[in-house]
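Please keep the sequence and the structure in view while reading.

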Amino acid sequence: MQKLVFVLLVVFGSLSLTSAQTIPSPNDVLGYDIGTQFSRNHQVIDYFKAVETAVPNQVKLVNYGKTNERRNMYLAFVTSEANMKNLETIRENNLKNAGLLDGEPTATDTAIVWLSYNVHGNEASSSEAAMLTLYKLLSEEQDLLNNTIVIIDPSVNPDGRDRYINWYNETASTPYDIDKQASEHNEPWPGGRPNHYLFDLNRDWVWATQVETEQRLEVYNKWMPHVHVDFHEQGINEPYYFAPAAEPFHEIITDWQRDFQTQIGQNHAKYFDAEGWLFFTRERFDLLYPSYGDTYPTFMGAMGMTYEQGGHGMAGLGILNDEGHVLTLVERLTHHTTTGISTVEMASKNAKQLNTEFKKFFNNANLKYKSYVLKGNEDKLSSLKTLLNKHQIAFENATSSKVSGYHYATGEQGSFNVDSNALVVHSNQPKGKMVKVLFEPNTLLSDSLTYDITAWSLPYAYGLDAIATTSKVSSNTMASKKSLQVLNDAYGYVSKWDSMEDAQFLAALLKQDFKVRFTEKPFSSNDKTFGRGSLIITKGDNKHIEKMVSKLNGIAQEHAHPLTEITSGFSQKTPDIGSPDIKLVNQQKIAVLSGDGTSSLNYGEIWHFFEQQLHYPVTSINTDDFSNTNLNKYNVLILPNGNYRKVLSEDNMTKLKEWVRAGGKVIAIDGALRSFAGKDGFSLSYKDSEDDDDQKDNLTPYADREREYSNNLITGAIFNAKVDNTHPMAFGYEDNYFTLKLGSSAYNLLDSGYNVAYLNDTKVYSGFAGQNAVKNLDQTLVFGEETMGNGSFIYMVDNPLFRSFWENGKLFFVNSIFMVNNNAYEL
């Protein structure tokens, strides 16, 4: 018997050794020991390709997209030979189990684990760990693959990763310098964290504004994994964080999801304890904001988790931290590899229950609100439908005539009439819990201290009137859109002005050299009334364009944009088309500041807005070059959120004022307002908090100060602003606007200027805002214009382009560019 056991051990040992020898290690392919250098994105992918070539019966590499900088993005499917042969069947069974595909599953005993690495480009240890994890799964942990599909995304953000790696490889010392003051530990602006457009991809899962996210979601929703892990890095003095997460948990998270992430964390702890490695759990990283790489999968039924290794872009290949420990890349990737394998191990051990609980998650019978009904601007409804389609969330048209329930506009119970154009989103669909998260009026908070914003409700974000109702609203499938009529020869053509689609149409006309007018007052023509901001394209203005009507028709058809023909410049109700109240839109030359001092995130939002949404040219000017910049080449200068203390020196401020007096226009966003508040020549001023009881603050116990300070915080909350919609900045809006406030900074109403949007009602409609911060917001500015000579300073206290998801704010930004103070000089 002992002989037989010995023989079997030798045989299995030989098989294992042979198997390991056929799989190339990272060192074999890279040409250096993993962790001793940073691997560029193409080297990471080359390793995955080499492994696929070696064991194609266990590894399948799929190209799922391409970045803005033309880097390919891949997923690796890793499993046993038997599972690989049945990969499509396993996928379909999983979707059937969740009710996302018709039919009964033939088996539900395989766990699907998705591991995402390097969503932040300068948290670069994780892609190195992805390679080692792949190798160890195939060479040491084959048994785990018998009932597990492991999906590995080795680099969620290839553009950001290579930005960081290329910079580090160019600047690092040999051997590396562990002094944290060394240049290799201090990234230049904008750093490698974001993608090409400087967006944080870890906050884009729901909004899907970036190509990386959009392409990834298409595959993600085809698989719907049971476990998803997002690998990150934090500061150099932090050890390692893994699940369970911190409060607040969103209320839809199930008891099983809470419990199993704790089990996973305990399994990790077993391995970390054995090595004497430090870690922490249940702190800082909560599960509330839906657009993270841990929350989005969680709200889609998975065990979504974030793992955070100490290091970040500061660590390089090695750094001496404040505790006297030299933190190396080898150490960082080893920790990530350990938790990655441990996660797969736990999924394999609990594969059957993961499938059982996954199915239960999609039972939505207990959700309070059965239907969300939205009505309003057709373009905004269409934009919302586009977002829902990205997540494969179903919607229909209303067939009811009246709906009652929670009325978002008032924050109270109410009702409104609806027609067949109203959008209905039911919660009794497989992704009903995500529907609840995205549409819920006010998110329940178990703790006010959170890691991100606490409000995002889609009706407010899209500027739509909505009701959430506890009874299911009758609805049917949506009718197809009618085709546009071909334009006839006419005196002129009028376009409405109340959406981003209208702004895109204007941008297209201007780029094709059309002369376009807009009206500052309502007028009537051909028995139709047109509101402020309506665009007017006359045949007389555009004689320089050959076959003008045909060309205009082509642009209108391309944008699916209806135009109304008018037969005369004589209006039924003034102004006439030739009135001074109907002005030409200038073909604005726009510049935006970038570089040191600016928020890379807000700059990226502006850059992305012009290039990917408005499709209108913008020139980026580095703050280092501002002193030498000829501002006379531009009509508009945008100052993103930032600190301009170094940029706007006394000489540069004088230069800026002179340019504005001559007709230039400055648009300042968020923190950029600090450059003008309280300064000579400006009426913008801070509103100081009335709570000056410093003695009370000093007597607050040390342990309670963070929570006490939350009374002064606003962590992304929604307020209802009063709007002067007769001002060009507010053309296309009603007399109120739901604004997303990201912080507690407050500015007094302008004494000299136009208070276009302001708060005179400090009711919190959604999200968390501390009582002191709320009290200080009464009668404060949201958007305003201050004229100076022939030009203007435009103040945007709240960022209307935040993460590009607050759709209803974008027209304020466009109006500021093209319609405010349109007397500004042309070049």
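What covers the buried residues of helix H15? The cover includes helix H10 (295–299), helix H13 (351–361), strand S12 (371–375), helix H14 (378–390), strand S16 (423–426) and helix H16 (458–462), where contact means heavy atoms within 4.5 Å. Helices (H or I, at least four residues) and strands (E, at least two) are DSSP runs, numbered from the N terminus. In helix H15 (residues 432–439), 8 of the 8 residues are buried, so this helix is largely enclosed by the rest of the structure. Among them are Lys 433, Lys 436 and Phe 439. Buried means under 20% relative accessible area, exposed over 50%, and partly exposed in between (1.4 Å probe, protein chains only).

The model is predicted: local features need pLDDT of at least 70 and side-chain atom pairs pLDDT 80 or more, whereas totals for chains, interfaces and linings use all residues. Residues are numbered from 1 along each chain as its sequence is written, and side-chain values use heavy atoms, without hydrogens and water.

Salt bridges come next. The structure holds 29 of them, each being a side-chain nitrogen of Lys or Arg within 4 Å of a carboxyl oxygen of Asp or Glu. Arg 203 pairs with Asp 200, with the closest N and O atoms 2.6 Å apart, and also with Asp 452, at 2.9 Å. The latter pair links distant parts of the chain, 249 residues apart: Arg 203 lies in the loop between H7 and H8, and Asp 452 in the loop between H15 and H16. Salt bridges that share partners join Glu 123, Arg 193, Asp 200, Arg 203, Asp 452 and Arg 803 into one network. Arg 203 is buried, at 12% relative accessible area, as are Asp 200 at 10% and Asp 452 at 11%.

Glu 88 is partly exposed, with 40% relative accessibility, whereas Arg 91 is buried at 15%.

Finally, 5 strands form an open antiparallel sheet in the order S24-S19-S23-S20-S25; two strands pair if DSSP finds at least two bridges between them. Strand S24 (564–566) and strand S25 (582–584) are the edge strands, each pairing on one side only. Strand S20 (residues 517–519) is joined to S25 by 3 bridges, and Arg 517 has Leu 584 as its bridge partner in S25.
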